Amino acid sequence: MIPTPDLSHLKRADYEHVYEPAEDTFILLDALEEDASALLEAKPLVCLEIGSGSGCVSSFVGSILGSSCLCISTDINHHAALATLRTGSQNKTAIDSVIANLTSPLRTRLRHNIDLLVFNPPYVPTVDEEVCDAQGGRNIEGSWAGGKDGMQVTDMVLDQLDDLLSPQGRFYLVAVKENDVPGIQGRMLNRYGFQSEVVLQRRAGREHLYVVRFVR
Amino acid sequence: MVRLITHNLLACHAKGCTSNNFPLKLQDVAIEVREAEFNPDFVRGFLPRLEWKALVQAARELGDTSLPEEMPEMVDDGFLKNLHHVLLEIHIDEGAMICPNCGHTYPISNGIPNMLLAEHEIG
Ligand SMILES: C[S@@+](CC[C@H](N)C(=O)[O-])C[C@H]1O[C@@H](n2cnc3c(N)ncnc32)[C@H](O)[C@@H]1O
Ligand SMILES: [Zn+2]
């Protein structure tokens, strides 16, 4: 059992600006925990979490991999980047937290160098303007607003994946039914040759959540 | 946090800035040294992923001259310990990173670099 990171330093007031871990977070932790020994065996050197929010997932990865891997996180929301940093120190897991749009400042140097990529994206279907406002506002609305089919932000990462992952790299993505998981898997196979597998799925209230794992 | 290992992975991504956009120059930085667990396998494994010259330059800008100009062929424990210190124990808490090509300034505050660009600067 890998303990869920201690988040007691984050209070109500923090969660007014930062996404509070919920069922989508926990299904991702569960998927990573199931794969913990495979992850360790693959000896990843670089892990990147996009959209780290509270830092719960990055810290969990940090406790699986310890000092054997560099954990970097990005978030577009500066409150989230700070929460991630605090969660790292609270749990004694080193997380290099960066305020950034997806992977932008890291793309040149981390080209084909990310061994473990993790993203629990804003996946809720909304009208397109809502994504623009949320992304532009760089605030908590950016935690869920996903535009058409909830895929607007996720699609940008999927289109970079071939550039990002190292030869043995893996990518864990959270999705919901409305995102059309079989469609995503088909596109990634046909366009880039990525193999993928739904490693976990469950119903949580109105959402049907999935964790999809991609490998080359 | 910005440690030199992460500084070694960040490049300027402003519109049209595609060459000589790395390494970002450190300016007015406040640093703090915090001990980290030494994992020789990790440090050795990471060597091929580093831009060596950029790392040496950044370390020197921060007053650390323990690394040789050229990446040594023989990697011994003493070298790995120095490298561990430079990569993982020097934290930049405040300051800025400046693009050597276009001059864009990326601020660092509370140990977090802000790499966002304004709408018109995005390529
Ligand atoms: C559903 S929340 C997940 C938070 C956390 N990883 C978790 O699992 O609890 C999505 C996160 O992605 C961030 N985000 C949204 N758009 C982003 C972008 N373009 N670049 C980086 N992060 C982004 C949001 O600020 C938010 O923290
Ligand atoms: Zn530049």
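Analyst: The answer below starts with the salt bridges and then turns to a charged patch, some backbone angles and an aromatic pair.

This is a predicted model, in which local features need pLDDT of at least 70 and side-chain atom pairs count only at pLDDT 80 or more, while totals for chains, interfaces and linings use all residues; side-chain values use heavy atoms, with hydrogens and water left out. Residues are numbered from 1 along each chain as its sequence is written, and chains are lettered from A and ligands numbered from 1 in the order in which they are written.

Side chains of opposite charge can pair when their charged atoms come close. Here a salt bridge is a side-chain nitrogen of Lys or Arg within 4 Å of a carboxyl oxygen of Asp or Glu. Over all chains, 21 salt bridges are found in a search of the whole structure.

One of them is between A:Asp96 and B:Arg3, whose closest N and O atoms are 2.8 Å apart. A:Asp96 lies in strand β3 of chain A and B:Arg3 in strand β1 (residues 2-3) of chain B, so this pair joins two chains. Helices (H or I, at least four residues) and strands (E, at least two) are DSSP runs, numbered from the N terminus. Both A:Asp96 and B:Arg3 are buried. Buried means under 20% relative accessible area, exposed means over 50%, and partly exposed is in between (1.4 Å probe, protein chains only).

Another salt bridge is formed by B:Arg49 and A:Asp115, with 3.0 Å between the closest N and O atoms. Because B:Arg49 is in the loop between α2 (40-46) and α3 of chain B and A:Asp115 is in strand β4 of chain A, this pair joins two chains. B:Arg49 has a relative accessible area of 17%, so it is buried. A:Asp115 also counts as buried, at 9% relative accessibility.

The next pair is within chain A. A:Arg191 and A:Asp159 form a salt bridge whose closest N and O atoms are 3.7 Å apart. The pair links distant parts of the chain, with A:Arg191 in helix α7 of chain A and A:Asp159 in helix α6 of chain A, 32 residues apart. A:Arg191 counts as exposed at 54% relative accessibility, and A:Asp159 counts as partly exposed at 42%. Salt bridges that share partners also join A:Asp35, A:Arg170, A:Glu197 and A:Arg213 into one network.

Some charged residues are part of a patch instead. A:Asp128, A:Glu129, A:Glu130, A:Asp133 and A:Glu141 form a negative surface patch. Patches are made of residues with over 30% relative accessible area and no salt bridge; like charges are joined within 9 Å, and nonpolar side chains (Val, Leu, Ile, Met, Phe, Trp, Tyr) within 5 Å. At 39% relative accessibility, A:Glu141 is partly exposed.

The backbone has a few points to note. A:Asp180 is not a glycine, yet its phi is positive, at about 65°. A:Asp180 is in the loop between β5 (165-176) and α7 (181-192) of chain A, and it is partly exposed, with a relative accessible area of 40%. A:His112, also a residue other than glycine, has a positive phi near 55°. The place of A:His112 is in the loop between β3 (96-99) and β4 (114-119) of chain A, and at 34% relative accessibility it counts as partly exposed. In chain B, the peptide bond from B:Phe22 to B:Pro23 is cis, with omega near -5°. B:Pro23 is found in the loop between α1 (4-7) and β2 (25-33) of chain B.

The whole structure has 4 aromatic pairs over all chains. In the pair of B:Trp52 and B:Phe79, the ring centres are 5.8 Å apart and the planes are at 45°, so the pair is tilted. Rings of Phe, Tyr and Trp (its six-membered ring) pair if their centres lie within 6.5 Å; planes under 30 degrees apart count as stacked, over 60 as edge-to-face and the rest as tilted. B:Trp52 lies in helix α3 (residues 52-61) of chain B and B:Phe79 in helix α4 (residues 77-89) of chain B, so the pair ties together parts that are 27 residues apart in sequence. B:Trp52 is buried at 7% relative accessibility, and B:Phe79 is buried with a relative accessible area of 8%.

Methods:
Areas by Shrake-Rupley, 256 points an atom, 1.4 Å probe, with all protein chains shown as cover. Lys, Arg positive; Asp, Glu negative; His and termini not counted. Charge placed at Lys NZ, Arg CZ, Asp CG, Glu CD.
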